[in-house]
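Please read the walkthrough below alongside the coordinates. It goes from single residues to the whole chain.

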Amino acid sequence: MNGEEFLPGFLLSLAMGGLLGAIYDGFRILYILLEGGKRQRFLFDVLFMCAASVLTFIAALAAEKGQLRFYMIAGEGIGMCLWAMTFGELTIWAAGVLRSLLRAFKKLLRRMFFPIIRFFRKKMCELVKKRRCKSKNKCSNRKKSLETDGESSV
């Protein structure tokens, strides 16, 4: 194999590595914003591995007619590392800023709408209490049976 065959495949695998780094950061941003647990992290990692395997297969088809070479895997790894050290740091910082903005917005919405919700909840509770009292009065004011203490009038 000479350099003419090696270089295009290696450059393609570097680009795929950068793309895989971007995809991983997308999943990581979702994980940060959704504030998920271990199960959600596992799901995102499985989805990333599926996407990575499909993209690696496509890159291998394009560069080496379906044969996976070591330099392609190395190129993807280098591309992912370059992404993580450059744009990855920026995306994580942006995700942290976005998460704090979303938390502040959620807090603001709670402050604005909580008194309104509390007012309507109080009114609904009052209506339910009145309705229950009326139904209790109906139940307690029923006419008594002519039969007394289980004795039959027949």
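Does Phe87 count as buried, partly exposed or exposed? Phe87 counts as partly exposed because its relative accessibility is 46%; buried means under 20% relative accessible area, exposed over 50%, and partly exposed in between, with a 1.4 Å probe and protein chains only.

Some conventions come first. This is a predicted model, in which local features need pLDDT of at least 70 and side-chain atom pairs count only at pLDDT 80 or more, while totals for chains, interfaces and linings use all residues. Residues are numbered from 1 along each chain as its sequence is written, and side-chain values use heavy atoms, with hydrogens and water left out.

The chain holds four helices and zero strands, where helices (H or I, at least four residues) and strands (E, at least two) are DSSP runs numbered from the N terminus. Read from the N terminus on, the order of elements is α-α-α-α. Of the 154 residues in the chain, 18% are buried. The chain exposes about 12,400 Å², with 67% of that supplied by carbon and sulfur atoms; the areas come from the Shrake-Rupley method with a 1.4 Å probe, and for residues only the protein chains shown count as cover. Among contacts (heavy atoms within 4.5 Å) with a separation of 6 or more, 73% involve residues 24 or more positions apart.

The largest nonpolar core has twelve residues, including Phe10, Leu20, Phe48 and Tyr71. Such a core is a set of buried Ala, Val, Leu, Ile, Met, Phe, Trp, Tyr and Cys residues joined through side-chain atoms within 4.5 Å. Two or more residues of this core come from each of α1 (3-34), α2 (38-64) and α3 (70-85). Helix α2 gives the largest share, six residues.

Phe48 is one of the core residues. Not counting residues up to four places away in sequence, Phe48 touches Leu20, Ile23, Tyr24, Phe27 and Met80. Ile23 belongs to helix α1 and, with the same exclusion of residues up to four places away, touches Phe48 and Leu55. Ile23 is classed as partly exposed because its relative accessible area is 25%. Between the C-alpha atoms of Ile23 and Met80, which are 57 residues apart along the chain, the separation is 10.0 Å.

Helix α1 also carries Ser13. Ser13 counts as buried because its relative accessible area is 0%. Leaving aside neighbours within four places in sequence, the contacts of Ser13 are Tyr71, Met72, Gly75 and Glu76.

Asp25 is another residue of helix α1. Its relative accessibility is 3%, so Asp25 counts as buried. The side chains of Asp25 and Arg28 are joined by a polar contact of 2.6 Å; the term covers a pair of N or O atoms within 3.5 Å where, within protein, one must be able to donate a hydrogen and the other to accept it, and residues adjacent in sequence count only if both atoms are side-chain atoms. Asp25 also touches Trp83, Phe87, Gly88 and Thr91, not counting residues up to four places away in sequence.

Rings remain. A search of the whole structure finds four aromatic pairs. One of them is Trp83 with Phe87, a tilted pair at 4.9 Å centre to centre and 40° between the planes. Rings of Phe, Tyr and Trp (its six-membered ring) pair if their centres lie within 6.5 Å; planes under 30 degrees apart count as stacked, over 60 as edge-to-face and the rest as tilted. Elsewhere, the charged end of Arg41 sits over the ring of Tyr31, 4.8 Å from its centre; this requires NZ of Lys or CZ of Arg within 6 Å of the ring centre and within 35 degrees of the ring normal.
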